[in-house]
Each structure stands twice: as C-alpha cells, then as structure tokens.
Amino acid sequence: MSGTTEGTTPKRRRRGDTRQRIQDVALELFAEQGYEKTSLREIAERLEVTKAALYYHFKTKEDILIGLFQDLQRPIDELIEWAGAQPRTLDTKREILRRYSVALADVAPLFRFMQENQATVRELSVGETFKDRMIRMIDTIKEPEAALTDQVRCMSALFTMHAGMFVLRDVEGDPEEKRLAVLEVAIDLVTQAHTGAQSS
C-alpha cells in the first residue's frame with residue numbers, strides 16, 4: 001500500500017516538472033531566435049525528449065505560450081480581485097503597484113519576450129487577453145472621473161514598470177535596486193494623479 005503511494009507521488013511531481021521545463025526551454029529558444037523561427041522539434045531536441053513526449057503536454061507552440069501567459073496572468077488576476085475589495089485610497093494604489101512590481105519581477109524573461117515580440121503577441125489570442133488585463137489594472141489605480149492628464153499619469157505608471165524591466169537590464173546595477181527605482185517613479189506618477197483627482 002505504502003509502496004503504491006511512494007511510486008505515484010514522484011511520477012506526478014516529475015510530470016509537473018516536465019511541463020515547466022518545456023515552458024522554460026521554449027521561452028529560451030523564443031528569446032534566442034524568435035517565436036516564428038522556433039519549431040516544436042527544436043524545443044524537443046533542446047530538452048532531449050521526443051516530439052511525442054512534447055505533444056503529451058503541448059500540441060502547439062501557442063499552447064506553450066498560453067501556458068506561460070497563464071503563469072503571468074494568475075498573479076495579475078489575483079491582484080485585480082484584491083484591489084476590487086479595497087478602499088480606493090492612495091495607500092491601496094501604492095500597494096497595488098508594489099505587488100505588481102513583484103509579480104513582474106517573477107516573470108521577467110516572459111515579459112522581455114513580450115516586449116521583443118510585440119507583433120507576434122498581438123496576433124495570438126494571448127495578446128488580446130493580456131491587453132484586457134492591462135486595462136483592468138489601469139482601472140485599479142485610476143479614478144473613474146479623473147482628468148485626462150491624471151489618466152495619462154496612471155497609464156504611464158504601468159508602462160514605466162513594463163519599460164523599466166526591458167530597458168534597465170542594460171544599465172549597470174543591482175536588479176532589486178533597479179526594480180525599486182522604477183517602482184518609485186510609478187508611485188510618484190500615481191500619487192500625482194490621485195492628488196489631482198482629490199483636489200478637482
């Protein structure tokens with residue numbers, strides 16, 4: 001009885017690890033040579049598995065990308081849900097940005113891939129779902145009746161965080177210090193927008 005339990009648990013864990021390894025290797029190849037130029041065969045070869053083993057987990061390259069995007073979207077969805085239950089205070093908005101900054105740092109390779117392959121991402125179904133989430137993210141930090149300049153500040157806060165991940169990797173310095181510097185600028189923008197909305 002105990003032998004059966006011991007036999008099944010590692011197999012289940014290995015299966016999860018294989019799926020993750022496929023996603024990691026695919027992302028490496030997408031970053032190295034572009035999404036369009038990467039084939040499932042090359043992903044299988046890099047992993048040293050058969051195409052059949054790859055098909056067991058993912059039928060197409062887009063399936064792999066969808067899996068990667070789900071890893072990115074899960075914390076964003078949780079953050080949007082959390083934000084919806086909070087009072088619309090400046091402290092809440094600052095906390096939203098802090099949590100979003102951490103979520104982005106956790107999926108930095110995927111986000112860089114998105115920045116470098118914007119045309120491809122736009123053509124895939126994942127591009128549209130991610131765009132919808134960005135609109136919802138902006139709504140969590142923007143007041144409904146905000147002046148246009150304050151709306152732009154809120155949008156710019158998110159775009160600053162996105163661009164910061166992409167551009168600052170070529171700037172010397174500690175990654176965590178760079179993340180915090182970008183976060184500080186984003187918080188400044190949202191603070192200005194919130195203050196403007198309160199005074200109008």
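This section describes the fold, domain arrangement, salt bridges and pockets of a predicted model.

The protein chain comprises ten helices and zero strands. Its order of elements along the sequence is accordingly written α-α-α-α-α-α-α-α-α-α. Taken along the principal axes, the box filled by the C-alpha atoms of the protein chain is roughly 65 × 45 × 35 Å.

The domain assignment divides the protein chain into domain 1, spanning 16-59, and domain 2, spanning 72-198. A distance of 29 Å separates the C-alpha centres of domain 1 and domain 2. Contact between the two involves five residues of domain 1 and six residues of domain 2. The size of an interface is often given as the accessible area lost when the parts come together. For domain 1 and domain 2, the buried area is about 490 Å², and carbon and sulfur atoms give 72% of this area. No salt bridge is counted between domain 1 and domain 2.

Within the model, the count of salt bridges comes to twelve. One of these is formed by Arg46 and Glu28, with the closest N and O atoms 3.3 Å apart.

Attention now turns to the pockets. Rolling a probe the size of a water molecule over the atoms shows where empty space is left. The largest pocket has a volume of about 480 Å³. Its lining consists of 16 residues, and those nearest the centre of the pocket are Met114, Gln118, Phe130, Lys131 and Met134. Two or more lining residues come from each of helix H6 (108-116), helix H7 (118-123), helix H8 (125-141) and helix H9 (148-167). Of the elements, H8 gives the most to this lining, with seven residues. By class, the lining of the largest pocket holds nine nonpolar, four polar and three charged residues.

The second largest pocket has a volume of about 280 Å³. A set of 15 residues lines this pocket, with Gly164, Met165, Pro175, Lys178 and Arg179 lying nearest its centre. At least two residues of the lining are supplied by each of helix H5 (90-106), H6, H9 and helix H10 (175-199). The greatest contribution to the lining of the second largest pocket is that of H10, which gives five residues. The lining of the second largest pocket divides into nine nonpolar, two polar and four charged residues.

Definitions and conventions. Residues numbered from 1 in each chain as written. Predicted model: local features only at pLDDT ≥ 70, side-chain atom pairs only at ≥ 80, totals over all residues. Heavy atoms only, no water. 1 Å grid on protein atoms, 1.4 Å probe; cavity = no way out; pocket = protein on both sides within 12 Å on 5 of 7 lines; lining within 4 Å. Points joined across faces, edges and corners; volume = space filled by probe spheres on them. Helix = DSSP H or I, 4+ residues; strand = E, 2+ residues; numbered from the N terminus. Nonpolar A, V, L, I, M, F, W, Y, C, P; charged D, E, K, R; others polar. Domains from an automatic or database assignment. Contact = heavy atoms within 4.5 Å. Buried area = accessible area lost by both parts, 1.4 Å probe. Salt bridge = Lys/Arg side-chain N within 4 Å of Asp/Glu carboxyl O.
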